Amino acid sequence: MQAIGLNVTLRAMRDSDVTDLYEMYNQRSFRDGTLALPYESFEAVRDWATPRSPRDLHLVAEAEGRAVGAAALRPFYGRRAHAAEFWIGVNDGFAGRGIGATLLSAIIDTADNWLNVTRIEMTVFVDNARAIALYRRFGFEIEGTHRAASFRNGAFADVHCMARLRPGGVR
Ligand SMILES: CC(C)(COP(=O)(O)OP(=O)(O)OC[C@H]1O[C@@H](n2cnc3c(N)ncnc32)[C@H](O)[C@@H]1OP(=O)(O)O)[C@@H](O)C(=O)NCCC(=O)NCCS
C-alpha cells in the first residue's frame, strides 16, 4: 500500500524511534484520540514502546528519515490467545495521507496470516471520525459504547468498542 506523496517503509520499532514517538505523543490530535496526558515524559513513552511479551508486534512507518507513525498489536493469553488489542498513531504532520491505512494493513496481515489472531479489538472515542472511518474500511465493527469512559479536556467522553473478526476465521 502506498501512502500519498510519500515513500513509506514499514519496519519493527527500534529503541532509537522513541524520540520521534515522544514528539507524536505530545501532539494535540494524538492526545485527543488516545489516553495520553499533556506533558508525557520521554520515559513514559519509552516504557510504552517496550514490548511486554515476545508476542507483541510493534511497527513504525518511516518516512523522510524518521518514524512518522506507529502501531502495536498485543495478543492476549490463555483462552483469549486468539484475540489481541490494537493501538495506532500517526504524527500530526503526516495524518490523512494513508499512513494509518498502511500500518493497519500490515497489522491485519500479520494477525491473520502469521499469528493466527482472529479477533482484533480496541476502543475509540465516539467523535474520532478519522479513526472510525479507517477501522470500518478494514472490517472493524462497533460492538458497543462505554459511557463516560475517560476524562478528556474537561469533560467525560464516551468510547466505542470496535473489533474485527477474521473473515471465516472464528467459527
Ligand atoms: C487515526 C489515525 C491513526 C489515522 O491515520 P491516518 O494516517 O491519518 O489515516 P489514513 O490517511 O490512512 O486514513 C484516514 C481515513 O479517514 C478518513 N478521514 C479523514 N478525516 C476524516 C474525518 N474528519 N471524518 C471522517 N473520515 C475522515 C480519510 O478519508 C481516510 O479514509 P479513506 O482511506 O477511506 O479515504 C491518525 O489520524 C492518528 O494518529 N490520530 C491521532 C491518534 C488516534 O486517534 N489514534 C487512534 C486511537 S483509537
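Strand 6 and strand 7 pair in the antiparallel sense, joined by eight bridges. Helices (H or I, at least four residues) and strands (E, at least two) are DSSP runs, numbered from the N terminus. Strands pair if DSSP finds at least two bridges between them. The model is predicted: local features need pLDDT of at least 70, side-chain atom pairs count only at pLDDT 80 or more, and totals for chains, interfaces and linings use all residues. Residue numbers start from 1 along each chain as its sequence is written.

Within this pair, Ile142 has Met162 of strand 7 as its bridge partner. The two strands form a hairpin with two residues between them. Asn153 sits in the loop between strand 6 and strand 7. Its phi is positive, about 50 degrees, although Asn153 is not a glycine. Most residues other than glycine have a negative phi. Asn153 is exposed, because 9 other C-beta atoms lie within 10 Å. A residue is buried if 20 or more other C-beta atoms lie within 10 Å of its own, exposed if 12 or fewer, and partly exposed in between, with C-beta atoms placed from the backbone. Strand 6 is hardly covered: of its 12 residues, the count of buried ones is zero.

Seven strands form an open sheet in the order 1-2-3-4-5-7-6, with mixed pairing. Strand 1 (9–12) and strand 6 (141–152) are the edge strands, and each pairs on one side only. Neighbouring strands of this sheet are turned by 25 degrees against each other on average, direction ignored. For these angles, axes are lines fitted to C-alpha atoms, for helices over the stretch in contact, and angles run from 0 to 180 degrees between N-to-C directions. Elsewhere in the sheet, strand 3 and strand 4 run antiparallel and are joined by seven bridges. Gly69 stands opposite Val90 of strand 4.

Helix 1 (residues 18–25) has Val18, Leu21, Met24 and Tyr25 buried. Seen down the axis of helix 1, these buried residues fall within an arc of 115 degrees, so they line one face of the helix. The arc is that of the directions from the helix axis to the C-beta atoms. An α-helix has 3.6 residues a turn, so residues three or four places apart point the same way. The buried residues of helix 1 pack against helix 2, helix 3 (42–49), strand 3 (66–75) and strand 4. Contact here requires C-beta atoms, placed from the backbone, within 7 Å.

The ligand is surrounded by 23 residues, and the closest are Gly33, Gly100, Ala101, Ala129 and Ala133. Helix 2 (28–33), strand 4 (83–90), helix 4 (99–115), strand 5 (119–125) and helix 5 (129–137) are the elements that give two or more residues to this shell. A residue is near a molecule or strand if its C-beta atom, placed from the backbone, lies within 6 Å of it. Helix 5 gives the most to the shell, with six residues. By class, the shell has 12 nonpolar, eight polar and three charged residues. Ala, Val, Leu, Ile, Met, Phe, Trp, Tyr, Cys and Pro count as nonpolar, Asp, Glu, Lys and Arg as charged, and the others, Gly among them, as polar.

Several positions lie outside the helices and strands. Asn116 is in the loop between helix 4 and strand 5. Asn116 counts as exposed, because it has 12 C-beta neighbours inside 10 Å. Its phi is near 55 degrees, a positive value in a residue other than glycine. Asn116 and Arg130 are 14 residues apart along the chain, and their C-alpha atoms are separated by 28 Å.

Val126 lies in the loop between strand 5 and helix 5. Val126 is partly exposed, with 16 other C-beta atoms within 10 Å. Not counting residues up to four places away in sequence, Val126 touches Thr145, Asp158, Val159 and His160.

Pro167 lies in the segment after strand 7 (155–165). Pro167 counts as exposed, with 9 C-beta neighbours inside 10 Å. Pro167 and Gly139 are 28 residues apart in sequence, and their C-alpha atoms are 8.9 Å apart in space.

Methods: Two residues are in contact if their C-beta atoms, placed from the backbone, lie within 7 Å.
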